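Hi there,

Here is the structure I promised to pass along. Have a look at it first, and then read on for my notes.

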Amino acid sequence: MIKSISTFLAEYLSKSNSRLTKKDLLKIQYSLQVILGDLTKSIILFLIFLFLKQLFLFFLIFVILNSTRTLMGGIHCKTFNSCLICSIAYFLIIVLFSTLCPKLNTYFYTIFFIISFIITSAYAPCRNEKRPTKNKKILKILSLISLTFWCTLFFTLRNTQICNCIFLSLLFQIIQLIIVNVKGVVFNAKITKLFFSFTN
Amino acid sequence: MQKSLNFFSALLINIFDLVSNTSCAGYLGEPDYPEELLK
């Protein structure tokens, strides 16, 4: 549905502007798919959280997600529908646990943030299976800046719900970084094993 | 009308460049990257 709307709009733009090359049209089509896809998901999530009367947490998770995931990367779903279901589950789990969980020991959070910094500096940005990742060095620095910002906010704020929300969003992000990299290591190990089976 | 369409096309191409420089487009999924642009 989104792909057909994007193709239709891209074709309309190509008819109105003859200077656009084939590459430009593919770029326009891709951008439209990203915008329309994310807009649809955002509207559905907004309506769910409006119904649940948790709009503030929705916006907070949305900001954390967009400030960390766009820089660090993460796990991708293969289809739009599976992405939508995973995104709804992701938002709902964070809201549920941030409301129910008590604030834990400060030492626990300190250790968590130290580990997060180590993992981010080692693995971020993780590889994207669908396209090459450019400017890895800049993305790594920005990821660390983003993590520092959320870490500072976490230790500054006193509200348990907001703190839990920041903690869980970052925890999910770090878990994704580990999964993507471990998956890569396993994948590479299989290649290495296959390669050495043909050699002495 | 023509001017606004040209502006919109240029804006979408710039958005593409911006998205290409990120690690992930947004939520937990993103559309398939055009193979012709990988070459």
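Let me begin with one residue, A:Ser121. It counts as partly exposed because 13 C-beta neighbours lie inside 10 Å of A:Ser121, and a residue needs 20 or more to be buried, or 12 or fewer to be exposed. Do keep in mind that this is a predicted model.

A:Ser121 sits in helix 5 of chain A, which covers residues 106-123. Leaving aside residues up to four places away in sequence, A:Ser121 touches A:Lys140 and A:Leu144. With A:Lys140, the separation is 19 residues in sequence, and the C-alpha to C-alpha distance is 6.7 Å.

Stepping back to chain A as a whole, the secondary structure consists of seven helices and zero strands, so the pattern along the sequence reads α-α-α-α-α-α-α. The C-alpha trace of chain A spans about 65 × 60 × 30 Å along its principal axes. Of the 200 residues in chain A, 32% are buried. If you take the contacts in chain A with a separation of 6 or more, 74% of them join residues 24 or more positions apart.

Where they meet, nine residues of domain 1 of chain A are in contact with eight residues of domain 2 of chain A. On the domain 1 side, helix 2 of chain A (residues 22-51) gives the largest share, with eight residues. By class, that side of domain 1 has seven nonpolar residues, one polar and one charged.

Now to the partner. Chain B has one helix and zero strands, and 36% of its 39 residues count as buried. How many residues of chain B are in contact with chain A? There are 26 of them, and they meet 41 residues of chain A. The side of chain B that touches chain A is made up of 14 nonpolar, nine polar and three charged residues.

Finally, a word on confidence. The predictor gives the complex an ipTM of 0.88 and a pTM of 0.83. Chain B has an average pLDDT of 80, with 87% of the residues scoring at least 70.

Best wishes

Methods
Residues numbered from 1 in each chain as written. Chains lettered and ligands numbered in written order. Predicted model: local features only at pLDDT ≥ 70, side-chain atom pairs only at ≥ 80, totals over all residues. pLDDT = per-residue confidence, 0-100. Contact = placed C-beta atoms within 7 Å. Nonpolar A, V, L, I, M, F, W, Y, C, P; charged D, E, K, R; others polar. Helix = DSSP H or I, 4+ residues; strand = E, 2+ residues; numbered from the N terminus.
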